[in-house]
Amino acid sequence: MQSASTGKKITLFAVFVSCVFLFGCSSSPEDTQPIESQEATSTLDSSSSESSDLQVENNEQQPDNDTNQVGTDVYDPFESFNRAMWAVNYDYLDPYFVRPVSLAYVNYTPDPVRLGVRNFLANLDEPFSAVNNAVMGNGGKALDHFNRFWINSTLGLLGFIDIASAAGIEKRDKKEFGDAIGHYGVGTGPYFMIPGYGPITLREGADVVDGLYPPISFLNFWASFGKWALEGMEKRALVVPQEATLEQSPDPYSLTRDIYIQRQNYKAEVVDDEVDAEEEAYIDDYLEDFE
């Protein structure tokens, strides 16, 4: 049974990686302005300079009409569908189910119990984080993840007690396989808004490989679902202070999408040479509670 399950996971991973490289490595829709400008120049050589200027202005305005490509990092070809799913999540599922359940868990579960559960679940991620950091060339971080896992799994009672942090080993964000391939230039691919789940990109589908490493590989469907649900409730409670920012935004969908993609690029340690300082400061303020 275990070998058959592993075979299915490997097959699913192969499909995901193929799709990720197909969409991610391919460039996003390119701006066609240079070609159009050349054609316009050759056509308007005999025209007056005034009409030529007007034509150039019209050509420069054409890319603004493309709503599926936002900036250089966000590829949202299914925006109409995604906005509909965003409305389902934001207007119905979140206020009437996800938010109250998350706050009830955070407010009524004893802090020592929550801390122990958080530590235990985070400890399960240490092995694949070590591997993915090694793939990214982060030897020091990979060693930290490895040391945290064996120390907390033994001295920390399977990870319920964070002995490693007390010993001075820094607790780091988990690194998934999608982050590793993103670090080497694989783009995020299309952006999706899933009802009841939230945002996701095609590149994240490659994270299925992380499930091949123990102890994550030992979890069945319900154990994996429980891990996802518990971690999701903690994350949802963290963003409560940011709800006002989202409500005041003229376009909450776009704000959430852009911040999510920026977060994915940050995890993949993607360096963008062209940085908008004002936008960076605004997004950093929004993400403070996640750090």
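I took a salt bridge to be a side-chain nitrogen of Lys or Arg within 4 Å of a carboxyl oxygen of Asp or Glu. The model is predicted, so I kept local features at pLDDT of at least 70 and side-chain atom pairs at pLDDT 80 or more, while totals for chains, interfaces and linings use all residues. Residues are numbered from 1 along each chain as its sequence is written, and side-chain values use heavy atoms, with hydrogens and water left out.

**Salt bridges**

I looked up the salt bridges and found 23 in the structure. One of them joins Glu-243 to Arg-99, with the closest N and O atoms 2.7 Å apart. Glu-243 sits in helix α10 (residues 243–248) and Arg-99 in helix α4 (residues 79–108), so this pair ties together parts that are 144 residues apart in sequence.

For accessibility I used a 1.4 Å probe on protein chains only: buried is under 20% relative accessible area, exposed is over 50%, and partly exposed is in between. Arg-99 is partly exposed, at 28%.

I then looked at Glu-170, which forms a salt bridge with Arg-172 at 3.3 Å between the closest N and O atoms. Glu-170 is partly exposed at 47% relative accessible area, and Arg-172 is partly exposed at 27%.

Next I noted the salt bridge between Lys-267 and Asp-179, 4.0 Å from N to O. Lys-267 belongs to helix α11 (residues 252–267) and Asp-179 to helix α8 (residues 177–183), so the pair ties together parts 88 residues apart in sequence. Lys-267 counts as buried at 14% relative accessibility, and Asp-179 counts as buried at 2%.

I also recorded a network of salt bridges that links Asp-76, Glu-79, Arg-83, Asp-251, Arg-257 and Asp-258.

**Aromatic pairs**

I counted rings of Phe, Tyr and Trp (its six-membered ring) as a pair if their centres lie within 6.5 Å; planes under 30 degrees apart are stacked, over 60 edge-to-face, and the rest tilted. The structure holds eleven such pairs. Phe-78 and Phe-192 are stacked, at 5.4 Å centre to centre with 20° between the planes. This pair links distant parts of the chain, 114 residues apart: Phe-78 is in the loop between β2 (74–75) and α4, and Phe-192 is in strand β3 (residues 191–194). Phe-78 is partly exposed at 40% relative accessibility, as is Phe-192 at 25%.

Tyr-191 and Tyr-253 form an edge-to-face pair, 6.3 Å centre to centre and 75° between the planes. Tyr-191 is in strand β3 and Tyr-253 in helix α11, 62 residues apart. Both tyrosines, Tyr-191 and Tyr-253, are buried.

**Cavity**

I looked for cavities on a 1 Å grid over the protein atoms alone (sets of points where a 1.4 Å probe fits but cannot get out; lining residues have an atom within 4 Å of a point). I found one cavity of 30 Å³ or more. The largest cavity holds about 50 Å³ of space, where volume is the space filled by probe spheres set on the points, joined across faces, edges and corners. Its lining includes Asn-119, Glu-126, Arg-148, Asp-162 and Lys-171. Helix α5 (111–135) and α6 (139–154) each supply at least two lining residues, and α5 gives the most, with four.

Definitions and conventions: On a 1 Å grid over the protein atoms alone, a cavity is a set of points where a 1.4 Å probe fits but cannot get out, and a pocket is an open set with protein on both sides within 12 Å along at least five of seven lines; lining residues have an atom within 4 Å of a point.
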